[in-house]
Amino acid sequence: RTIADGQIPLWNPQIFAGMPFFAGGQASMLYPLNILFYVLPLELAYGWFTALQIALAGAGAYIFARILGLRVPAALLGGVVYMFSGFLIVSVVFTMFVAAVAWLPFLLAIIETIIRKQEAKGVTSFRPIPYVVLGAGAIGLTILAGHPELIYYTLMVAGAYSLVRLVAAWRVLRQLSIVDGQLSMVDGQSSIDNQQSTIDNRQSATARILKLAGWLLAMAGLGIALGAVQLVPLIELLPLNFREGSATLTQVRGWAWPTRHVLTFPLPNIFGNPSHHRWFDLWNFQWHLAQTNALGETNHTIFWGIKNYVEGGNYLGVVTWVLALIGLVVGVGYRARNAFRAVHAWFFAGLAGVSLLFAFGTPLYAVLFYGLPGWDQLHSPFRWVFPFTLSMAVLAGVGLHAVTGRIEESELKIGGGGKRRIFNFQSFIVILAMLASVGVLLIVVISLFAPDPFIALGQRAVDGSDLVQNAFADGRMFW
């Protein structure tokens, strides 16, 4: 409406006493796909925007997995896990969220492509200009999406990934220099000449990696420049934001996931779902409206979580966890140069682990709170579910890659009998998962024929928690 009136929408007078509009960023005013909101009716634009962004997220994860060397079904699984993850789906209420999270997989795919091409060329010079432009575009789009927290996550993860891959690539190039020296010996080159050639190649390897690091830094700088029209006013606003100095580290850690939230990884609705207003009576096989809670109050919403459903959205599927575990164990055994490697498995396993430590508000969060400028304004440690979700999608893809394909003995670091050991581990994990699921079903079946102990167990839960009393009428409903 402001634009239709011929004004630049810098200020929004309709919220409180007025607030910055463009500088706030979250309207994503310059994000390209937001053109839909100018040309379509609001509800139609919202639907298409959401669908396109989720599709982009899945496509990016798929492309990244393929570049890592995963087979098509495995890459497809990674894309589906990422695009339909609990985190991404519950975040569709925030258009700037689904706009920003789509671009990290693309960015990692570009970084991986640049580094792999240098590895393939050895110590020969390589100018990745087209890829640098594409990567800068991904960074610029993330910034234009307008959410400062997600900009931080994207740049941090991409920077850490670049550093780890550059170190790994340097080791590959140095190894190639040793092989070249050995080949020179076979060809009859003198020992002195061979040693000098090896030293030169090692120095060239270091020079190439440093040059590649320069290209990646240039990509980041160009991407930030592309998004500067949004980033500069956003940075200017940060010191004036009401969050500046408004919360202590203890308070922020208190807003992280509580420890019991770990139960939502296998059971996303264990604390209820705010869109569910009915409960299923196992013994009468009937649905009932949640009319009152244990306190006698009218209550149609079955939810007793500490974090709301959007903040707590993290579900990935139980099979994803099983495959991710297989992917980690198999992945760290890979040694093939042109496929998924151990460095990728270690990186994404480490990223997933660190992300969980931050999301659950462990003391490690102090490193971010005190160490990074502006981070004390981010009161949402649980948003580390973003890099955690991408990590799990990649590892699950590796797991399916291992389960459905042949792993050659030459691809594994663990040597003789390695393939047999890997397959034994896969079988153990699958059997363990099956036994666990059968055990859960058995408990449910027993409760059908002997309900009293389970209703009593549910009643103890209701009596012992104010949160449970707010959602459930009695132990029968709880069970």
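Guide: Start with Glu149. Its side chain makes a polar contact with the side chain of Tyr153, at 3.0 Å. The model you see is predicted. Glu149 belongs to helix H8, which covers residues 148–186. Glu149 has a relative accessible area of 3%. The cut-off for buried is under 20%, so Glu149 counts as buried.

What else does Glu149 touch, leaving aside its neighbours within four places in sequence? Glu149 is in contact with Leu378, Ser380 and Arg383.

Now move along helix H8 to Arg165. The side chain of Arg165 meets the side chain of Glu119 in a salt bridge, with 3.5 Å from N to O. This pair ties together distant parts of the chain: Glu119 sits in helix H6, Arg165 sits in helix H8, and 46 residues separate them. Both Glu119 and Arg165 are buried.

Stay with helix H6, which spans residues 103–121. Here Glu112 forms a salt bridge with Arg116. Their closest N and O atoms are 2.4 Å apart. Both residues lie in H6, 4 residues apart, and that is about one turn of the helix. Are the two partners buried or exposed? Glu112 has 0% relative accessibility, so this residue counts as buried. Arg116 has a relative accessible area of 15% and is buried too.

Glu112, Arg116, Glu119, Arg165 and Arg341 are linked in a network of salt bridges. The count of salt bridges in the model comes to 7.

Another salt bridge takes us to a new place. The side chains of Arg476 and Asp281 meet at 3.0 Å, N to O. This pair also links distant parts of the chain: Arg476 is in helix H19 (residues 475–478), Asp281 is in strand S3, and they are 195 residues apart. Compare the two ends. Arg476 has 26% relative accessibility and counts as partly exposed. Asp281 has a relative accessible area of 3%, so Asp281 is buried.

Asp281 leads us to a pair of strands. Strand S3 (residues 278–281) and strand S4 (residues 286–289) run antiparallel, and 4 bridges join them. Asp281 stands opposite Gln286 in S4. The two strands form a hairpin with 4 residues between them. In that turn, Phe285 has a positive phi of about 50°.

Take Phe16 first. Phe16 has a positive phi of about 50°, and it is not a glycine. Phe16 lies in the loop between S1 and strand S2 (19–20). With a relative accessible area of 81%, Phe16 is exposed. Next comes Ser28. Ser28 also has a positive phi of about 50° without being a glycine. Ser28 lies in the loop between S2 and helix H1 (36–39). Ser28 is buried, with a relative accessible area of 2%.

Now go to the surface. Ile3, Ile35, Tyr38 and Val39 form a nonpolar patch there. Together these four have about 400 Å² of accessible area. Ile3 is found in the segment before strand S1 (11–12). Ile3 is partly exposed, with a relative accessible area of 44%.

Finally, zoom out to the whole chain. The secondary structure comes to 19 helices and 4 strands. The chain has 479 residues, and buried residues make up 44% of them. The accessible surface is about 23500 Å², and 67% of this area belongs to carbon and sulfur atoms. Residues 24 or more positions apart account for 72% of them. The pair Glu119 and Arg165 spans 46 residues, and the pair Arg476 and Asp281 spans 195.

Return to the starting point once more. Glu149 is buried, its side chain makes a polar contact with that of Tyr153, and Glu149 is in contact with Leu378, Ser380 and Arg383.

Conventions: Residues are numbered from 1 along each chain as its sequence is written. This is a predicted model: local features need pLDDT of at least 70, side-chain atom pairs count only at pLDDT 80 or more; totals for chains, interfaces and linings use all residues. Side-chain values use heavy atoms; hydrogens and water are left out. Patches are made of residues with over 30% relative accessible area and no salt bridge: like charges are joined within 9 Å, nonpolar side chains (Val, Leu, Ile, Met, Phe, Trp, Tyr) within 5 Å. Accessible areas come from the Shrake-Rupley method with a 1.4 Å probe; for residues, only the protein chains shown count as cover. Buried means under 20% relative accessible area, exposed over 50%, partly exposed in between (1.4 Å probe, protein chains only). A polar contact is a pair of N or O atoms within 3.5 Å; within protein, one must be able to donate a hydrogen and the other to accept it, and residues adjacent in sequence count only if both atoms are side-chain atoms. Contact means heavy atoms within 4.5 Å. Two strands pair if DSSP finds at least two bridges between them.
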